[in-house]
Amino acid sequence: MSNNLGLKWLLITLTVFGIPNTGWGLPWDKDMFNQPSIKPQETDVSVPPSSIPVAGEASLPVPQTIGELVAARIAASALVNPVPVTSDSLVKGRFFYQTYCLVCHGQGGLGDGPVGKKFVPPPMNLTLAYVQSQPDGQLFYTITHGSVVMPYYRDAMSVEERWHLVNYLKGALVQP
(Lines give C-alpha, C1' and ligand atoms only; values in the text may rest on other atoms or scores of the structure.)
Protein backbone atom coordinates (compact mmCIF):
# COMPACT_ATOMS: atom_id res chain seq x y z
CA MET A 1 0.00 0.00 0.00
CA SER A 2 2.83 2.41 0.76
CA ASN A 3 4.21 1.54 -2.70
CA ASN A 4 0.93 2.74 -4.27
CA LEU A 5 1.04 5.91 -2.19
CA GLY A 6 4.61 6.62 -3.32
CA LEU A 7 3.69 6.02 -6.97
CA LYS A 8 0.68 8.31 -6.60
CA TRP A 9 2.85 11.14 -5.21
CA LEU A 10 5.40 10.60 -7.97
CA LEU A 11 2.70 10.94 -10.63
CA ILE A 12 1.27 14.05 -8.98
CA THR A 13 4.75 15.62 -8.72
CA LEU A 14 5.52 14.89 -12.38
CA THR A 15 2.15 16.24 -13.47
CA VAL A 16 2.39 19.45 -11.48
CA PHE A 17 6.07 20.22 -11.99
CA GLY A 18 7.35 18.15 -14.87
CA ILE A 19 4.94 18.41 -17.79
CA PRO A 20 4.33 22.18 -17.83
CA ASN A 21 8.10 22.80 -17.69
CA THR A 22 8.62 21.08 -21.03
CA GLY A 23 6.69 23.86 -22.79
CA TRP A 24 8.61 26.67 -21.10
CA GLY A 25 11.90 25.84 -22.74
CA LEU A 26 10.66 25.55 -26.33
CA PRO A 27 11.60 28.28 -28.80
CA TRP A 28 8.01 29.00 -29.89
CA ASP A 29 6.64 29.88 -26.48
CA LYS A 30 6.52 33.62 -27.29
CA ASP A 31 5.74 33.59 -31.00
CA MET A 32 2.41 35.34 -30.57
CA PHE A 33 4.12 38.06 -28.57
CA ASN A 34 7.04 38.65 -30.96
CA GLN A 35 5.24 39.01 -34.28
CA PRO A 36 4.92 41.89 -36.71
CA SER A 37 1.51 43.55 -36.50
CA ILE A 38 -0.16 45.13 -39.51
CA LYS A 39 -2.81 47.70 -38.66
CA PRO A 40 -6.09 47.89 -40.61
CA GLN A 41 -5.79 49.97 -43.78
CA GLU A 42 -2.00 49.65 -43.61
CA THR A 43 -0.21 48.09 -46.53
CA ASP A 44 2.22 45.34 -45.64
CA VAL A 45 4.21 45.39 -48.86
CA SER A 46 5.58 48.45 -50.58
CA VAL A 47 4.90 48.42 -54.31
CA PRO A 48 7.91 49.40 -56.43
CA PRO A 49 7.19 52.15 -58.98
CA SER A 50 8.28 49.84 -61.80
CA SER A 51 5.76 47.11 -60.87
CA ILE A 52 3.21 45.90 -63.39
CA PRO A 53 -0.45 46.25 -62.39
CA VAL A 54 -2.45 43.06 -61.90
CA ALA A 55 -5.32 42.39 -64.32
CA GLY A 56 -4.72 45.63 -66.19
CA GLU A 57 -5.70 47.81 -63.24
CA ALA A 58 -4.67 51.45 -63.28
CA SER A 59 -1.29 51.99 -61.68
CA LEU A 60 -1.53 55.22 -59.71
CA PRO A 61 1.56 56.24 -57.76
CA VAL A 62 1.20 56.02 -53.99
CA PRO A 63 1.73 59.49 -52.48
CA GLN A 64 4.41 59.69 -49.82
CA THR A 65 3.61 63.13 -48.36
CA ILE A 66 0.54 65.33 -47.88
CA GLY A 67 1.82 67.64 -50.63
CA GLU A 68 2.11 64.74 -53.06
CA LEU A 69 -1.39 63.59 -52.12
CA VAL A 70 -2.94 67.00 -52.81
CA ALA A 71 -1.02 67.47 -56.07
CA ALA A 72 -1.90 63.99 -57.28
CA ARG A 73 -5.61 64.46 -56.48
CA ILE A 74 -5.64 67.58 -58.63
CA ALA A 75 -3.75 65.80 -61.42
CA ALA A 76 -6.19 62.88 -61.21
CA SER A 77 -8.92 65.19 -62.46
CA ALA A 78 -8.01 64.05 -65.96
CA LEU A 79 -9.02 60.43 -65.23
CA VAL A 80 -12.17 59.49 -67.14
CA ASN A 81 -14.81 57.28 -65.55
CA PRO A 82 -15.06 54.16 -67.74
CA VAL A 83 -18.25 52.96 -65.98
CA PRO A 84 -21.43 54.53 -67.36
CA VAL A 85 -23.97 55.89 -64.88
CA THR A 86 -26.78 53.34 -64.99
CA SER A 87 -29.28 52.16 -62.42
CA ASP A 88 -27.20 48.96 -62.06
CA SER A 89 -24.05 51.01 -61.41
CA LEU A 90 -25.88 53.13 -58.81
CA VAL A 91 -27.13 50.00 -57.03
CA LYS A 92 -23.59 48.61 -56.91
CA GLY A 93 -22.23 51.97 -55.79
CA ARG A 94 -24.83 52.16 -53.02
CA PHE A 95 -23.72 48.72 -51.78
CA PHE A 96 -20.07 49.84 -51.66
CA TYR A 97 -21.05 53.11 -49.98
CA GLN A 98 -22.97 51.24 -47.29
CA THR A 99 -20.09 48.80 -46.85
CA TYR A 100 -17.15 51.21 -46.69
CA CYS A 101 -18.37 54.81 -46.32
CA LEU A 102 -21.58 54.90 -44.29
CA VAL A 103 -19.94 54.38 -40.88
CA CYS A 104 -18.06 57.67 -41.20
CA HIS A 105 -20.01 59.73 -43.76
CA GLY A 106 -23.50 58.67 -42.62
CA GLN A 107 -26.59 57.46 -44.47
CA GLY A 108 -27.03 60.71 -46.40
CA GLY A 109 -23.33 61.53 -46.79
CA LEU A 110 -23.42 64.44 -44.34
CA GLY A 111 -20.36 63.28 -42.38
CA ASP A 112 -22.51 62.23 -39.43
CA GLY A 113 -21.99 58.46 -39.37
CA PRO A 114 -21.75 56.66 -36.02
CA VAL A 115 -17.96 56.32 -36.25
CA GLY A 116 -17.50 59.69 -37.94
CA LYS A 117 -19.02 61.49 -34.95
CA LYS A 118 -15.91 60.55 -32.97
CA PHE A 119 -13.48 62.30 -35.35
CA VAL A 120 -12.12 65.82 -35.09
CA PRO A 121 -12.39 67.19 -37.69
CA PRO A 122 -15.53 65.32 -38.74
CA PRO A 123 -15.62 63.43 -42.05
CA MET A 124 -16.33 65.41 -45.21
CA ASN A 125 -19.95 66.21 -46.02
CA LEU A 126 -20.19 64.49 -49.42
CA THR A 127 -23.27 66.47 -50.45
CA LEU A 128 -21.46 69.82 -50.49
CA ALA A 129 -20.94 71.55 -53.83
CA TYR A 130 -17.17 71.31 -53.20
CA VAL A 131 -17.35 67.51 -53.38
CA GLN A 132 -20.11 67.21 -55.97
CA SER A 133 -18.30 69.55 -58.38
CA GLN A 134 -15.06 67.55 -58.26
CA PRO A 135 -14.25 65.62 -61.42
CA ASP A 136 -14.87 61.87 -61.23
CA GLY A 137 -11.13 61.19 -61.44
CA GLN A 138 -10.44 63.30 -58.38
CA LEU A 139 -13.05 61.42 -56.31
CA PHE A 140 -11.67 58.12 -57.62
CA TYR A 141 -8.18 59.13 -56.55
CA THR A 142 -9.39 60.10 -53.07
CA ILE A 143 -11.15 56.74 -52.66
CA THR A 144 -8.07 54.94 -53.97
CA HIS A 145 -5.42 56.73 -51.89
CA GLY A 146 -7.41 58.28 -49.06
CA SER A 147 -7.00 61.78 -47.81
CA VAL A 148 -5.40 63.51 -44.86
CA VAL A 149 -7.52 61.56 -42.35
CA MET A 150 -9.52 59.19 -44.57
CA PRO A 151 -7.95 55.74 -45.12
CA TYR A 152 -7.39 54.40 -48.62
CA TYR A 153 -9.51 51.68 -50.21
CA ARG A 154 -7.26 50.56 -53.08
CA ASP A 155 -6.81 47.16 -51.44
CA ALA A 156 -10.44 46.77 -50.37
CA MET A 157 -12.19 47.46 -53.69
CA SER A 158 -11.37 46.75 -57.30
CA VAL A 159 -10.93 49.60 -59.78
CA GLU A 160 -14.40 48.99 -61.24
CA GLU A 161 -16.00 48.93 -57.79
CA ARG A 162 -14.43 52.31 -56.98
CA TRP A 163 -15.86 53.78 -60.19
CA HIS A 164 -19.33 52.46 -59.26
CA LEU A 165 -18.90 54.21 -55.90
CA VAL A 166 -17.99 57.45 -57.68
CA ASN A 167 -21.17 57.14 -59.78
CA TYR A 168 -23.21 56.70 -56.60
CA LEU A 169 -21.54 59.64 -54.84
CA LYS A 170 -22.27 61.93 -57.79
CA GLY A 171 -25.68 60.49 -58.74
CA ALA A 172 -27.42 59.73 -55.47
CA LEU A 173 -26.01 62.03 -52.80
CA VAL A 174 -27.45 65.50 -53.27
CA GLN A 175 -27.93 68.38 -50.87
CA PRO A 176 -31.65 68.62 -49.92
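His105 touches Tyr97, Leu110, Gly111, Asp112, Gly113, Pro123, Met124, Leu126 and Met150, when residues up to four places away in sequence are not counted; contact here means heavy atoms within 4.5 Å. The structure is a predicted model, in which local features need pLDDT of at least 70 and side-chain atom pairs count only at pLDDT 80 or more, while totals for chains, interfaces and linings use all residues. Residues are numbered from 1 along each chain as its sequence is written, and side-chain values use heavy atoms, with hydrogens and water left out.

His105 belongs to helix α3. Helices (H or I, at least four residues) and strands (E, at least two) are DSSP runs, numbered from the N terminus. With a relative accessibility of 9%, His105 counts as buried; the term denotes under 20% relative accessible area, exposed denotes over 50%, and partly exposed lies in between (1.4 Å probe, protein chains only). One of the residues touched by His105 is Leu126, and these two residues, 21 apart in sequence, are 7.4 Å apart in space from C-alpha to C-alpha.

The secondary structure of the chain consists of 6 helices and 0 strands, which gives the pattern α-α-α-α-α-α along the sequence. Of the 176 residues in the chain, 28% are buried. Among contacts between residues at least 6 apart in sequence, 57% join residues at least 24 apart.

Helix α3 (residues 87-105) packs against helix α6 (residues 159-171), their axes coming within 7 Å and crossing at roughly 95°. Axes are lines fitted to C-alpha atoms, for helices over the stretch in contact, and angles run from 0 to 180 degrees between N-to-C directions. Helices α3 and α6 are therefore roughly perpendicular to each other; angles of 65 to 115 degrees fall in that class, those under 35 count as roughly parallel, those over 145 as roughly antiparallel, and the rest as oblique. On the α3 side, the contact is formed by Ser89, Leu90, Lys92, Gly93, Arg94, Phe96, Tyr97 and Cys101, which meet Glu161, His164, Leu165, Asn167, Tyr168, Leu169 and Gly171 of α6. By class, the contact of α3 with α6 comprises 7 nonpolar, 5 polar and 3 charged residues. In this classification, Ala, Val, Leu, Ile, Met, Phe, Trp, Tyr, Cys and Pro count as nonpolar, Asp, Glu, Lys and Arg as charged, and the others, Gly among them, as polar.

Leu169, in helix α6, takes part in the contact with α3 and also in the contact with α5. Leu169 is buried, at a relative accessible area of 8%. Apart from neighbours within four places in sequence, Leu169 is in contact with Tyr97, Leu126, Gln132 and Ile143. The C-alpha atoms of Leu169 and Gly93 are separated by 7.8 Å, although the two residues are 76 residues apart along the chain.

Helix α5 (residues 136-145) is mostly covered, 9 of its 10 residues being buried. The buried residues of α5 are Gly137, Gln138, Leu139, Phe140, Tyr141, Thr142, Ile143, Thr144 and His145. The cover over them includes α2 (66-75), α4 (129-132) and α6. Helices α5 and α6 pack at an angle of about 125°, with their axes 9 Å apart, and α5 is therefore oblique to α6. In the contact, Asp136, Gly137, Leu139, Phe140, Ile143 and Thr144 of α5 meet Val159, Arg162, Trp163, Leu165, Val166, Leu169 and Lys170 of α6. The residues of the contact of α5 with α6 divide into 8 nonpolar, 2 polar and 3 charged. Just after α5, Gly146 adopts a positive phi of about 75°.

The loop between α3 and α4 includes Asn125 and Thr127. Asn125 counts as buried at 17% relative accessibility, and Thr127 counts as buried at 5%. The side chains of Asn125 and Thr127 are joined by a polar contact of 2.6 Å. Such a contact is a pair of N or O atoms within 3.5 Å; within protein, one must be able to donate a hydrogen and the other to accept it, and residues adjacent in sequence count only if both atoms are side-chain atoms. Pro121 is also placed in the loop between α3 and α4, and the peptide bond from Val120 to Pro121 is cis, with omega near 0°. Most residues other than glycine have a negative phi, and most peptide bonds are trans.
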